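Here is a short briefing on one protein model. Look at the sheet first, then the helices, then the core and the loops.

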Amino acid sequence: KRVDVFVNRGETIPFETLHIAEAFAARIISKAEVSIVWHGAFPATWKGGNRVMVVDVIRNVPLSYRRGDLGYALVFEGIHISVFYERIRQVNRSAEAFILAHVLAHEIVHLLQGVDRHSDAGLMKAHWDWRDFWNMRRSSLPFTSEDIRLIREARASSPSDGYTLLSSVR
């Protein structure tokens, strides 16, 4: 399964940081047998036939908005993800690319699963602790068997044409 992910970064994230994060996130998600192809901002016309997701990188989010979250996905809409870059940087600037990669992977997996749920451990844990952030620098956080099962089930029942899905919510 291939997914085209468009990232609207504006001038928010340095290109090198985003490039590292995208490569690492794609490697994490490949463990669930999903291939991610990264693109810049979503074009006015798109003729691709793969599943499409759009990531908005947001700066300066008020602390009161979605308190404690590093990002979120519109799970039931199935396309849009928001990532809070300043919050990610505040966790650990020296590891921001690895943390960003995990946030991207986490939110993409929410959309792939099509359900609003979290695991007790690993990538899909609701709130990562300092051990998780430490482990992100050394290797990726793992999927649980339930995470993989939900991705496979959703993939088996979802439309193959991501453009049709995107057009339906425009």
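Strand 1 and strand 2 (residues 35-39) pair in the parallel sense over 5 bridges. Two strands count as paired if DSSP finds at least two bridges between them. Helices (H or I, at least four residues) and strands (E, at least two) are DSSP runs, numbered from the N terminus. This is a predicted model, in which local features need pLDDT of at least 70, side-chain atom pairs count only at pLDDT 80 or more, and totals for chains, interfaces and linings use all residues. Residues are numbered from 1 along each chain as its sequence is written, and side-chain values use heavy atoms, with hydrogens and water left out.

**The sheet**

- Strands of a sheet pair through backbone hydrogen bonds, either parallel or antiparallel.
- Here, 5 strands form an open sheet in the order 2-1-3-5-4, and the pairing is mixed.
- Strand 2 and strand 4 (71-73) stand at the edges with a single partner strand each, so one side of each has no neighbour in the sheet.
- Neighbouring strands of this sheet are turned by 20° against each other on average, direction ignored. Axes are lines fitted to C-alpha atoms, for helices over the stretch in contact, and angles run from 0 to 180 degrees between N-to-C directions.
- Strand 1 also pairs with strand 3 (residues 51-58), in the parallel sense, over 6 bridges.
- Strand 3 and strand 5 (residues 80-84) run parallel too, joined by 5 bridges.
- Some partners can be traced residue by residue. R2 stands opposite S35 in strand 2. N8 has D56 in strand 3 as its bridge partner, and D56 has S82 in strand 5 as a bridge partner.
- Strand 1 (residues 2-8) is mostly covered, with 5 of its 7 residues buried. Buried means under 20% relative accessible area, exposed over 50%, and partly exposed in between (1.4 Å probe, protein chains only).

**The helices**

- Strand 1, helix 1 (residues 15-30) and strand 2 make a right-handed β-α-β unit. Right-handed means that, with the strands pointing away from the viewer, the path from the first strand over the helix to the second runs clockwise.
- Helix 3 lies across strand 1, strand 2, strand 3, strand 4 and strand 5, and runs at about 155° to strand 5.
- How many of the 18 residues of helix 3 are buried? The count is 17, so helix 3 is largely enclosed by the rest of the structure.
- The 18 residues of helix 3 (residues 96-113) should span 26 Å at 1.5 Å a residue, and the end C-alpha atoms are 25 Å apart, which agrees. The expected span is 1.5 Å times one less than the number of residues.
- G114 follows helix 3 and has a positive phi, near 75°.

**The core**

- In soluble globular proteins, nonpolar side chains tend to be buried together.
- Of the 45 residues in the largest nonpolar core, V5, I36, W38, I108 and L123 touch the most other members. A nonpolar core is a set of buried Ala, Val, Leu, Ile, Met, Phe, Trp, Tyr and Cys residues joined through side-chain atoms within 4.5 Å.
- Helix 3 supplies the largest share of this core, 10 residues.
- A second, separate core of 5 residues includes F6, W46, V54 and I79.
- I36 belongs to strand 2 and counts as buried, at 10% relative accessibility.
- Not counting residues up to four places away in sequence, I36 touches V3, V5, A26, I29 and I108. Contact means heavy atoms within 4.5 Å.
- I36 and V5 are 31 residues apart along the chain, yet their C-alpha atoms are separated by 6.8 Å.

**The loops**

- Most residues other than glycine have a negative phi, and most peptide bonds are trans.
- E33 is not a glycine, but its phi is positive, near 60°. E33 sits in the loop between helix 1 and strand 2 and is partly exposed, at 47% relative accessibility.
- N60 is not a glycine either, and has a positive phi of about 55°. Where is N60? N60 lies in the loop between strand 3 and strand 4, and is exposed at 63% relative accessible area.
- E11 lies in the loop between strand 1 and helix 1 and is exposed, with a relative accessible area of 73%.
- E11 and R59 are 48 residues apart in sequence and 9.7 Å apart in space, C-alpha to C-alpha.
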